[in-house]
Amino acid sequence: MRKTDNARHAKLPAPGKQSKQSFGIRLGKDLKRNYGAYLLFLPVALYYILFAYKPMYGILVAFKDFTPAKGVWESPWTSSYGFGHFISFFKSFYFGRVLKNTLVISFSTLLVTFPAPIMLALLLNEVRSTKFKRTVQTLSYMPHFISLVVICSMLRLFVADSGIVTGFLEKLGIVDGTYSLLSMENFFVPIYVFSGLWQTVGWNAIIYMSALSGIDQGLYEAARIDGAGKLKQMWHVTLPGLMPTIIMLLILRIGQIMSIGHEKIILLYNEEIYSTADVISSFVYRKGLLEYNWGFSTAVGLFNSVINFMLVLMANQISRKTIYMGLW
Amino acid sequence: MKKEIRKCIALCIAAGMTAGLTACGNGGNTGTASSEPQGNVAASNKEDSSAAPEETPAPDTGASVTYPIQGTEKLTFGMALANEWSDRFDSWTDLPIGRAVQEKTGVELEMVHVADNKAMNLLLASPDLPDIILFNFQNNYSGGEIKAIEDGVIFPMDAEFLQQNAPDYWEVLNSDENIMKGSTNQQNQVFGFTFIMGDDKIKTGYGLTVRDDWCEQLGLDVTQIDTAEEFHDMLSRFKSELNVEIPMTFTSKNLEELLDYGTITSPFGLVTRDVYQKDGTVHIGYAEKEYRDVLAYLNQLYNEGLLDANFATNDAATVTANMLSGASGVSTGALGGGIGTWLQTNRDVKDYSLAGLHNLVANGGDKSLYGFYKTDVIGKTAVITNSCENKELAAQFLNYGYTDEGHMLYVFGVEGESYEMVNGEPQYTEYIMHNPDGLTVKKAMSEYTLSWDNGPFVQDLRQKLQSASMPEQLTAWDIWDDTTVEEYFLPKIAIAQKDLAEYSSLRSDIKTYVNEMTIKFVRGTESLDHFDEYLATLESMGIGRLTEIIQAATDEYYAR
């Protein structure tokens with residue numbers, strides 16, 4: 001590696017001269033010179049070409065009346081110059097409802113499950129007994145390893161008419177305990193969000209824990225000398241130290257606002273509570289997989305991706321403008 | 001690697017050549033057999049359908065298939081695994097039925113098993129399909145078999161192809177207009193080897209099931225209970241006098257069945273919640289005013305605590321548990337799955353008996369307007385795919401189920417093992433009826449037959465009579481059968497291709513709404529005062545257009 005590096009430095013032409021040559025020629029020269037580095041890069045490039053870019057032609061399905069037997073190219077274009085599926089989604093009777101539910105569930109999930117692991121990490125960071133710390137950590141990330149199907153059947157039992165959660169709420173006088181909580185519209189979002197918290201809080205705290213261990217201990221010392229208490233230290237040292245990680249994860253999370261996985265939804269919902277539980281992905285699941293309307297579901301998926309992408313751009317822009325930090 | 005590729009190429013060439021050869025052979029026959037252009041063949045056969053079967057087997061040697069078929073070619077066969085046997089066997093060809101079918105037809109099968117219907121759809125999305133697929137396209141493929149022809153999945157068969165390669169099946173198709181129409185598309189192409197109900201009685205067999213012994217205890221005669229009031233009184237006496245926790249248990253799917261099969265709608269003047277026809281005019285039950293009264297009745301039962309409070313979140317296992325444990329006294333189900341399974345499971349329990357309850361009616365002793373009923377052609381169809389390289393062989397293989405010998409094999413299995421001839425009538429053996437390993441009748445049957453499920457043959461009433469052999473089941477069957485459903489039943493119509501996308505989108509959106517609102521109305525989370533708004537919403541969702549599309553397809557069916 002060092003050899004090629006040296007070679008490049010040695011033969012590097014003057015900047016002005018370089019720009020006159022075309023990109024192709026420059027690339028060719030560079031290839032010859034640094035073939036080792038390119039060779040190392042090749043598998044990565046191949047990976048992205050094969051698994052990220054090549055499948056993208058499948059997006060065409062969104063504009064077509066796709067039938068598997070005819071394939072992507074041969075299938076005919078839909079009505080309205082290929083935008084038929086998009087129009088029928090926007091005009092659909094359920095469009096407003098599934099969009100609203102998606103946003104409601106997504107934002108409440110973000111609101112509850114995003115800060116929770118940060119707090120857990122901060123608290124665990126202050127725990128002095130390693131034994132206790134490890135036990136709490138292990139217990140809290142255990143649910144992450146349970147399959148979603150099992151999680152959901154457990155949840156269904158917890159919130160059934162005789163379930164433990166229902167019993168608890170009954171004691172508090174919130175419900176009367178004759179019905180499963182899943183047959184009541186108002187309970188779906190809380191069930192979804194808080195079970196999500198239980199599932200993810202421990203696992204997501206790990207990344208913050210590791211970021212915490214990277215904070216310079218000297219800063220704490222200095223803060224202590226300046227007379228900062230535990231809380232002040234947390235506020236002025238720990239949080240700023242975590243900020244880059246938090247911002248990065250937040251921006252990534254915002255990029256998933258529109259996409260709530262259908263798995264957990266369809267494992268939990270039933271026809272009666274569609275009005276709060278049916279989201280874009282479960283709607284697409286029913287249309288696409290149960291009714292085999294591939295084109296329609298791809299169109300909705302594409303719509304989701306575009307919105308998500310725009311949200312990421314926006315979030316990044318805002319964060320760069322306001323706190324001068326961003327993904328790029 | 002290279003060797004393998006070479007092998008592949010060789011195989012492909014060989015296959016291509018055989019396909020070419022057989023096609024040529026066929027072409028030759030076309031010239032001699034009929035001078036009519038291809039398109040007219042089906043039409044002309046329809047006109048003199050009675051003459052066709054006599055004509056076909058006559059002089060042409062290619063028109064009758066002799067089994068076992070000579071040759072060593074393999075066919076690939078796509079099929080979803082069935083829970084009934086997949087716990088004991090890996091492949092259908094390991095089962096006695098699979099082995100016997102191969103032996104009798106002389107065709108070696110290579111199974112392509114998928115886990116379930118969803119997986120089958122993924123298989124259908126792949127370019128390389130098995131030669132034959134047994135699948136319920138009607139329920140699990142958007143647009144059914146007809147769309148699958150359009151999509152290029154299914155190879156459509158014309159009259160001539162069938163006369164040549166599946167004469168016995170062709171004869172069955174021509175025996176009844178409804179069978180023929182149920183197995184063809186609008187262009188009179190036959191889409192596959194269909195599962196055919198041999199007898200009208202087989203088409204029925206679903207209804208309410210009730211704890212007979214409890215009724216007796218209360219001095220009620222089950223056979224006399226058939227009005228909405230009597231049914232209500234029975235449930236409330238279960239609750240008040242026998243302290244039954246959940247007098248009637250069911251799932252939201254069961255509720256749909258009760259309404260769509262018209263089991264509880266007759267007293268209120270509603271034929272069914274589903275689509276039905278009256279003298280050729282299409283009606284949709286859930287958009288009719290009478291539906292309100294049905295909902296009001298159910299809501300009343302619900303409010304009185306007579307219905308399962310959690311039916312919306314129940315699953316079938318809960319219902320079964322409730323019925324077996326005595327937590328509930330009434331449920332609903334099919335002849336085999338409901339009353340049959342429950343009786344069999346609890347056969348050693350003392351004081352446990354079940355009986356079928358007549359569909360609810362307006363006046364005691366009436367026939368109910370509607371009831372569970374099947375079309376002549378239903379369920380899974382064995383189709384030849386376009387990937388199949390030897391379509392003639394596939395057709396000859398599938399034709400076997402419609403021969404007398406094949407019928408016996410698919411319905412009763414292997415003589416001496418799964419059935420014996422007693423006084424000239426086939427009788428299932430002890431292995432099937434009282435399995436030494438404790439298998440249920442259905443599970444035991446699944447090893448030797450396809451008649452417990454669907455397949456390419458004509459179903460036999462004797463199979464149903466024997467598998468539903470408990471006297472309670474047979475009585476229930478007769479009670480449930482007391483309907484005028486034939487008058488209202490919509491035949492197996494085919495939606496026009498141009499309307500298909502609109503139809504399925506309208507239907508699914510509206511069905512979702514109807515099911516959601518039905519549960520809400522029954523549970524009272526939505527007041528029935530809003531029923532008019534519900535109707536107005538249906539109107540705005542395009543119920544008018546939906547009716548129009550179905551009407552057009554119905555007209556086309558009767559005119560075809």
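**Close-up views of a predicted two-chain model**

**View 1. Parallel pairing of two strands in chain B.** Strand 1 (residues 74-80) and strand 3 (residues 132-135) of chain B run parallel and are joined by three bridges. Strands here are DSSP runs of E with at least two residues, helices are runs of H or I with at least four residues, and both are numbered from the N terminus. B:Gly78 stands opposite B:Ile133 of strand 3. This is a predicted model, in which local features need pLDDT of at least 70 and side-chain atom pairs count only at pLDDT 80 or more, whereas totals for chains, interfaces and linings use all residues. Residues are numbered from 1 along each chain as its sequence is written, and chains are lettered from A and ligands numbered from 1 in the order in which they are written.

**View 2. The open sheet of chain B.** Four strands of chain B form an open sheet with mixed pairing, in the order 2-1-3-9; two strands pair if DSSP finds at least two bridges between them. Strand 2 (108-114) and strand 9 (381-384) of chain B stand at the edges with a single partner strand each, so one side of each has no neighbour in the sheet. On average, neighbouring strands of this sheet are turned by 25° against each other, direction ignored. Strands of a sheet pair through backbone hydrogen bonds, either parallel or antiparallel.

**View 3. Helix 18 of chain A.** Helix 18 (residues 294-323) of chain A has 30 residues and reaches 43 Å from its first C-alpha to its last, close to the expected 44 Å (1.5 Å times one less than the number of residues). Its buried residues include A:Trp294, A:Phe296 and A:Ala315. A residue is buried if 20 or more other C-beta atoms, placed from the backbone, lie within 10 Å of its own, exposed if 12 or fewer, and partly exposed in between. The buried residues of helix 18 pack against helix 6 (84-91), helix 14 (230-254) and helix 17 (280-290) of chain A; two residues are in contact if their C-beta atoms, placed from the backbone, lie within 7 Å. A:Tyr324, with a positive phi near 55°, follows helix 18 of chain A.

**View 4. The loop around A:Ser79.** A:Ser79 lies in the loop between helix 5 (71-74) and helix 6 of chain A. A:Ser79 counts as partly exposed because 13 C-beta neighbours lie inside 10 Å. The C-alpha atoms of A:Ser79 and A:Lys64 are separated by 8.5 Å, although these residues are 15 residues apart along the chain.

Notes
Axes are lines fitted to C-alpha atoms, for helices over the stretch in contact, and angles run from 0 to 180 degrees between N-to-C directions.
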